[in-house]
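Hi there,

Here is the structure I promised to pass on to you.

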Amino acid sequence: MAVDVASVSAWLTAYAETIADHAAELTQLDAAIGDADHGTNMNRGMAAVVAALDKEEFASVDALLKKAGMTLVSTIGGASGPLYGTFLLRTGTALADMAEISGAQFGAALRAGVEGIVARGKAELGDKTMYDAWAPAVDAYDAAIDSGGDVTAALQAAAEAAARGRDETTPMVARKGRASYLGERSAGHQDPGATSTTLLLESAAATLS
Amino acid sequence: MISIVVVSHSRSLAEAAVALAGEMVSGDERPRVAIAAGLDESAFGTDATAVAQAITEVDGPDGVLVLLDLGSAVLSAEMALEFLDPDVAKRVRLSSAPLVEGLVAAVVAASTGSTIDAVAAEADAGLLGKREHLGVVEVAGAADVDASALDLDEDAESVEVEVLAAHGLHARPAARLVALVGRFAAEVTLTNATTGRGPVTAASLSQVATLDARHGHRLAVSASGPDAADVLEAVAELAAYSFGDDASPRAGAATVPDDTSAPDIVPAVERGSGSGLDIAIGPALVAAAEVDTRGYVAGSPSDESERSGEALRRAADRLDELHRHTASSAGPGAAEIFSAQKALLTDPEITSAVSNDIDAGTSAVEAWGERLGAVAQQYGTLSDPYLRERAADVRSVRGLVLRSLLGQPEPLVAGEGILVVPELDAATAATLDALTVHGVVTVRGGSTGHGVLVVRSRGIPLLADAGDAAAAVESGVTIAFDASVGRLLVDPGEGEQDRLRQEIERRREARDVAVSQAQSPAVTSDGRPVAVLANVASPEEAAEARRCGADGSGLVRTEILFGDHTTAPTVDEQVERLLAVSAALGGRPMTVRTWDVGGDKPLPFLSMPSEANPFLGERGIRVFRSRQELLLDQLRAVCLVAKRVPTKVMFPMVTTRDEVEWARAMLIEAAAASTGDVPAGLDVGIMVEVPAAALRAATLVAGLDFVSIGTNDLTQYTTAAERGNAAVAGLADPFDPALLALVATVVSDVGPDVAVAVCGDLASSPVAVPLLLGLGVDELSCTPPRVPEVKAAVRGVDLDVARAMSAEALTASGPNRVRALLADCALRCR
């Protein structure tokens, strides 16, 4: 197995199912510190992605990821649209024209996607955003590849790191997004974006190898 | 001009913000604004691709400013820039300004043709006025401009004006000032001479706002540059009519929402103006007429009573709001209906019956529905067609109250197409979105109802009284109409649709050409100049008339100009307002018509006995034979005004020579008490609207300077048919050869020294222009928006051809034959 059209498609389909299962939980997290729409928005966006993937045959991973990214941009509505959309678009761009994708190349592509998120959201570590999950995740992925692990092992390490990063958002005070309007009152709640990011990496670990 | 894109999570927020900002400048000066907001009508969200699309839609060489609300709006807009062609993206600026304040400032700045940098700076400064008012910043800091640059030029000229607007130089009047100044090549600065604030540049709405100029303050206006003198004169004129606002502090100001507060029920008030054409095509939007009251759960009598009071208050607020908006967009005449409708809500007869019903256990919905329904029914059975049309007004109020009780929104017309309604009430007409409603077809209700008046003033194409054919139309079916020939087409074939679209395009182009030449004189192709004037009823309409190129006003409707007064206006008040009309006309001549009132159109400050047949009763000049004082005051004001600005005066509903003698005697008596002699330049004339007056025009005009033919009443009296009565409206056709014969008689009998004008609806019909000029009419006075087209029609006239055609029209078998002759003439002239 490799990172190819079939497995990336399986990844996003699995993520859509996970999001559907966790939509209520995500919305509840968002209700505490945001505008109570993260679960709904992600669910709408990922359902649209699955529908888009079903409709078309893709010649390459990057074409698939770009389609998925544009779909999210148009259907999520909230800030997650441009953020996840940018992630998928940049990841796709980094994988363009590759016949076979190695673990290291996929890691570099993930990092490019995360850099896109940072450029778009202008978040820093500790701002209580999805970046607090993404940053340790891509570091853990690279470390696993460097020590000889395969894509599956690297993604597992990334998902675990993301989960730790997600948990660390709970005591943080939000400095970005709608939650930042709450100031100190945002502390004590887990960040919904970091939560959906962790789910995305867990789905990846379960489907990509 | 730059364009603007509004990005928001909420479509209704964006639309309302755009509508609010759109109020600041008149339609033809508004920048193009596109909206990218919400995932759909109701779901909140932003979409980067939609933002990119909106930018592409309005993109132009001058650039696009994007105003945003929060969060993902910013991310989506940034992302949109990446989707765009880099050449386009280069011209786009994302604004960090607060959405509402920034948008208002940006729309105004853009309308003056400012560069994108200047507009962006204006938007950013949009908060200054509010911060200043609330004391957040110091004055010096607020005027964030290089003060030395504003030091008065040695050569600068200046004037001082007073702020007459009741609420001071608030957003709308300030916007008018900024827009006005933007049209001149001059640097203009303003100082609040009363408080010492300023100077600030008059080119900036946000800077003007920092002056905090309130009612009664004096403004020092300085100007330098080539147009300095002109701009000062224009500003003084604008100031003289309260910067276009209401000068008198509003009664019950506490209940009138101010410009920034949100209305209670539905914020949507009229958006945009229509095509101004009389032709339209699109899918039918068939509106449901009845409010659905099922599902209303009644409470105890005391609950119901409370709900009733609450609903009443909201309905009254809504009517106030509709009144304000309609007065500013379509003129005070069109807005009157909402005051009348509000009076129904406080009619003790009705309110006490309703509260008795509620005490007896009836629900508020049932009580209001029944009681107002009964009133509407009473009107509906009256024999007088004018009063019968008022039933629609009552039904409209009933709907408003019921919806308020039920918490239902107003039945906003959704989608794009042609609205088909059983009858058109004023509230619906005022709230139509002219950007999506291409036209309106009514099944019945006549052509003089209030809704018809409002929708016409807004330039939305209208086909009235289309009858059964319209009643049978189903939603979604393509329909088209051409009101100039009274034709409704249901489900036309593709070829026919193409022809109609081409015809719409052709008329639009012809209209655009007409508009571009509106300010030039109207001269027939063989060299005869024809004065094209406008009928006006307010300084705002007069200003519109001037913008539309009118050579003056051929009819100032004083009964509407002062229709908002509950007591008779004093001579001074009349002088002031008439001067304001003259100033708004740019000092061009105006013909003041004395009070034209009667049992069918009463004045609040003139009680009239009820008459069995007011249309044939005490109307116009007849009313004043027994009550001279009101007329004398008016004539005193006219004499005083005529000493200062070009003025004519005319008397309505004259029938006999004796009345002419009497009217002249009144004028001499009034002059004796004001100006001494009748001012030398004051031309005196009469309206010809009674057939007897037309037939003996030669006898009537001795000693007069002009006559003005009121074709509406003259047609109705000649054909003994009321236009508002659908059963006979077809008879009251101004193209009837009998009516034309009367016009020809007047022209030949009054002789060459007495000018003949036409101020009825016929003069607003471009197609009738060759006919009227061919009959020998000298001047035309039409509704302001029609001026460009009427002028264009004059330019197309060859008088020899027109005379021959008119001679044939006089002997034509009927009005349709006359129309055929005109169509033929138009084809030959095209």
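Below is what I found, going from each chain to the place where they meet and then to some single residues.

First, some housekeeping. This is a predicted model, in which local features need pLDDT of at least 70 and side-chain atom pairs count only at pLDDT 80 or more, while totals for chains, interfaces and linings use all residues. Residues are numbered from 1 along each chain as its sequence is written, chains are lettered from A and ligands numbered from 1 in the order in which they are written, and side-chain values use heavy atoms, with hydrogens and water left out.

**The two chains**

Let me start with chain A. Its secondary structure comes to eight helices and zero strands, where helices (H or I, at least four residues) and strands (E, at least two) are DSSP runs numbered from the N terminus. Along the sequence that reads α-α-α-α-α-α-α-α. Of the 209 residues of chain A, 54% are buried; buried means under 20% relative accessible area, exposed over 50%, and partly exposed in between (1.4 Å probe, protein chains only). The accessible surface of chain A is about 8,400 Å², with 53% of it on carbon and sulfur atoms. Such areas come from the Shrake-Rupley method with a 1.4 Å probe, and for residues only the protein chains shown count as cover. Among the contacts of chain A between residues at least 6 apart in sequence, 68% join residues at least 24 apart; a contact means heavy atoms within 4.5 Å.

Chain B has 33 helices and 23 strands. Its 830 residues are 53% buried, and chain B exposes about 33,700 Å², 52% of it supplied by carbon and sulfur atoms. Of the contacts in chain B with a separation of 6 or more, 71% are between residues 24 or more positions apart.

**Where the chains meet**

Here 20 residues of chain A are in contact with 15 residues of chain B. Together the two chains bury about 1,300 Å², 58% of it on carbon and sulfur atoms; buried area is the accessible area (1.4 Å probe) that two parts lose on being put together, summed over both. In chain A, the residues that lose the most area to chain B are Val73(A), Gly77(A) and Arg120(A), together 37% of what that side buries.

Three salt bridges are counted between chain A and chain B, a salt bridge being a side-chain nitrogen of Lys or Arg within 4 Å of a carboxyl oxygen of Asp or Glu. On the chain A side, α3 (61-75), α4 (80-94) and α5 (103-121) each supply at least two residues that touch chain B. The largest share, six residues, comes from α4(A).

**Salt bridges in the whole structure**

How many salt bridges does a search of the whole structure find over all chains? The count is 45.

Arg313(B) and Glu310(B) are separated by about one helical turn, because they are three residues apart in helix α12. Arg314(B) and Glu310(B) are four residues apart in that helix, so about one helical turn separates them too. Arg313(B) is partly exposed at 38% relative accessibility, Glu310(B) is partly exposed at 35%, and Arg314(B) is partly exposed at 22%.

Elsewhere in chain B, Asp278(B), Asp482(B), Glu503(B), Arg506(B) and Arg507(B) are linked in a network of salt bridges.

**Two more residues to look up**

Is Thr715(B) buried or exposed? Thr715(B) is buried, with a relative accessible area of 3%. It is found in helix α28 (residues 711-719) of chain B. Leaving aside neighbours within four places in sequence, Thr715(B) is in contact with Ala732(B), Asp733(B), Pro734(B) and Leu739(B).

Arg183(B) lies in the loop between α9 (171-182) and β6 (187-192) of chain B, and at 48% relative accessibility it counts as partly exposed. Arg183(B) and Gly113(B) are 70 residues apart in sequence, and their C-alpha atoms are 8.9 Å apart in space.

Enjoy exploring!

Best wishes
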